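Please open the structure in your viewer and keep the selection panel at hand. The stops below proceed from one selection to the next.

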Amino acid sequence: MYESLTKHLDEFTGTEFGTWIIDDKNDGTIEHPLQFPFVDYSRVVDQFIHDVYSFVDNHEEMGLHNYIKILEDNGIKWSWEPMVKAEVDNLDAQCIIALIFGAIRAERFCDGAILAFLKDGTIIRWLERLKTLDADGKNIARK
């Protein structure tokens, strides 16, 4: 059920996730304003983000648009440290996908959030748990 997401595990192995783009050409004057730093994500990461949004939209029965509430119901605050430290071994698929979606949504408020979750292996760990749940036939879809 989660292959559209877990297929990225192989693609993430040994790949560059993205590069910080920092404006070192402009001086901050009116004529040459500085551009805020941002991450230029790789094609693999862009596709992953697209696939996560597609999964969330195509599985309304899981209620993933309420990812913050799903996380709270599982004792996880929608914040960097609690999400990274979440013990995934006992979490169901709904919560794992809520963690992934929460990490992606965090990018809207904090440039580089996805990059950080990828570089430290957190998203990989979540995808591995999701793959295990899929293999065990524990496809939990609830609202």
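This is a predicted model: local features need pLDDT of at least 70, side-chain atom pairs count only at pLDDT 80 or more; totals for chains, interfaces and linings use all residues.

## A buried aspartate

Asp92 is buried, with a relative accessible area of 10%; buried means under 20% relative accessible area, exposed over 50%, and partly exposed in between (1.4 Å probe, protein chains only). Select Asp92 in the loop between α5 (80–85) and α6; helices (H or I, at least four residues) and strands (E, at least two) are DSSP runs, numbered from the N terminus.

Residues are numbered from 1 along each chain as its sequence is written, and side-chain values use heavy atoms, with hydrogens and water left out.

## The whole chain

Eight helices and two strands make up its secondary structure, in the order α-α-β-β-α-α-α-α-α-α along the sequence. The C-alpha trace spans about 60 × 30 × 30 Å along its principal axes. Of the 143 residues, 43% are buried. Among contacts (heavy atoms within 4.5 Å) with a separation of 6 or more, 72% join residues 24 or more positions apart.

Two packed helices are described by the angle between their axes and the distance between the axes. Axes are lines fitted to C-alpha atoms, for helices over the stretch in contact, and angles run from 0 to 180 degrees between N-to-C directions.

Select α6 and helix α8 (residues 122–135), whose axes come within 10 Å and cross at roughly 155 degrees. The pair is therefore roughly antiparallel; angles under 35 degrees count as roughly parallel, over 145 as roughly antiparallel, 65 to 115 as roughly perpendicular and the rest as oblique. Show the side chains of Ala93, Ile96, Ile97, Leu99, Ile100 and Ala103 in α6, which meet Ile123, Trp126, Leu127, Arg129, Leu130 and Leu133 in α8. These contact residues comprise eleven nonpolar, no polar and one charged; Ala, Val, Leu, Ile, Met, Phe, Trp, Tyr, Cys and Pro count as nonpolar, Asp, Glu, Lys and Arg as charged, and the others, Gly among them, as polar.

## Helices α3 and α6

Keep α6 (residues 93–106) and select helix α3 (residues 43–58): they pack at an angle of about 125 degrees, with axes 11 Å apart. Helices α3 and α6 are therefore oblique to each other. From α3, Phe48, Ile49, Val52, Tyr53, Phe55 and Val56 meet Ile97, Ile100, Phe101, Ile104 and Arg105 of α6. The residues of this contact divide into ten nonpolar, no polar and one charged.

Now centre the view on Phe55, found in helix α3. At 3% relative accessibility, Phe55 counts as buried. Residues up to four places away in sequence aside, Phe55 touches Met1, Tyr2, Ser4, Leu5, Met62, Leu64 and Ile97. Ala86, by contrast, lies 31 residues from Phe55 in sequence and 22 Å away in space, C-alpha to C-alpha.

## The cysteines

How many disulfides does the structure hold? The structure holds zero disulfides, a disulfide being a pair of cysteine sulfur atoms within 2.5 Å. Finally, select Cys95, which is buried with a relative accessible area of 0%, and then Cys110, which is partly exposed at 45% relative accessibility.
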